Amino acid sequence: STRSRNKADERFQKVIKEEYTVLKNRIAEEAKVREAEDDEVVETLTAYTKKLQSSLHIINSMDT
């Protein structure tokens with residue numbers, strides 16, 4: 001019964017390690033995707049800010 005229990009424990013540990021590895025990889029992939037999306041948001045906001053500043057510059061130059 002001890003051997004049987006040890007084998008069951010080894011199988012359980014193997015399954016847990018495999019699941020852990022899968023989850024770890026998925027989290028790493030998700031982190032990369034989110035980072036890329038965050039970078040895209042920052043780039044979009046930067047472009048929007050530049051256009052807004054340019055428009056305000058034009059408007060302000062018309063006042064003088």
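How many residues apart in helix H1 do Arg34 and Glu30 lie? They are four residues apart, about one turn of the helix. The legends below describe a predicted model, in which local features need pLDDT of at least 70 and side-chain atom pairs count only at pLDDT 80 or more, while totals for chains, interfaces and linings use all residues. Numbering runs from 1 along each chain as its sequence is written, and side-chain values use heavy atoms, with hydrogens and water left out.

**View 1. The whole chain contains one helix and zero strands.** Helices (H or I, at least four residues) and strands (E, at least two) are DSSP runs, numbered from the N terminus. Helix H1 covers residues 2–63. Along the principal axes, the C-alpha atoms fill a box of roughly 95 × 10 × 5 Å. The accessible surface comes to about 6500 Å², 56% of it from carbon and sulfur atoms (Shrake-Rupley method, 1.4 Å probe; for residues, only the protein chains shown count as cover). Of the 64 residues, 0% count as buried (buried is under 20% relative accessible area, exposed over 50%, partly exposed in between; 1.4 Å probe, protein chains only).

**View 2. Arg34 and Glu30 form a salt bridge.** The N to O distance is 2.8 Å; the criterion is a side-chain nitrogen of Lys or Arg within 4 Å of a carboxyl oxygen of Asp or Glu. A search of the whole structure finds one salt bridge. Arg34 counts as exposed because its relative accessibility is 52%, whereas Glu30, at 38%, counts as partly exposed.

**View 3. Glu35, Glu37, Asp38, Asp39, Glu40 and Glu43 make up a surface patch of negative charge.** Patches are made of residues with over 30% relative accessible area and no salt bridge, with like charges joined within 9 Å and nonpolar side chains (Val, Leu, Ile, Met, Phe, Trp, Tyr) within 5 Å. Glu35 lies in helix H1 and is exposed because its relative accessibility is 52%. The chain has 12 positive and 13 negative side chains, and the centres of the two sets lie 15 Å apart. Lys and Arg count as positive and Asp and Glu as negative, without His and the chain ends; each charge is placed at NZ of Lys, CZ of Arg, CG of Asp or CD of Glu.

**View 4. Asn6 is part of helix H1.** Asn6 is partly exposed, since its relative accessible area is 40%. Between the C-alpha atoms of Asn6 and Glu18, 12 residues apart along the chain, the separation is 18 Å.
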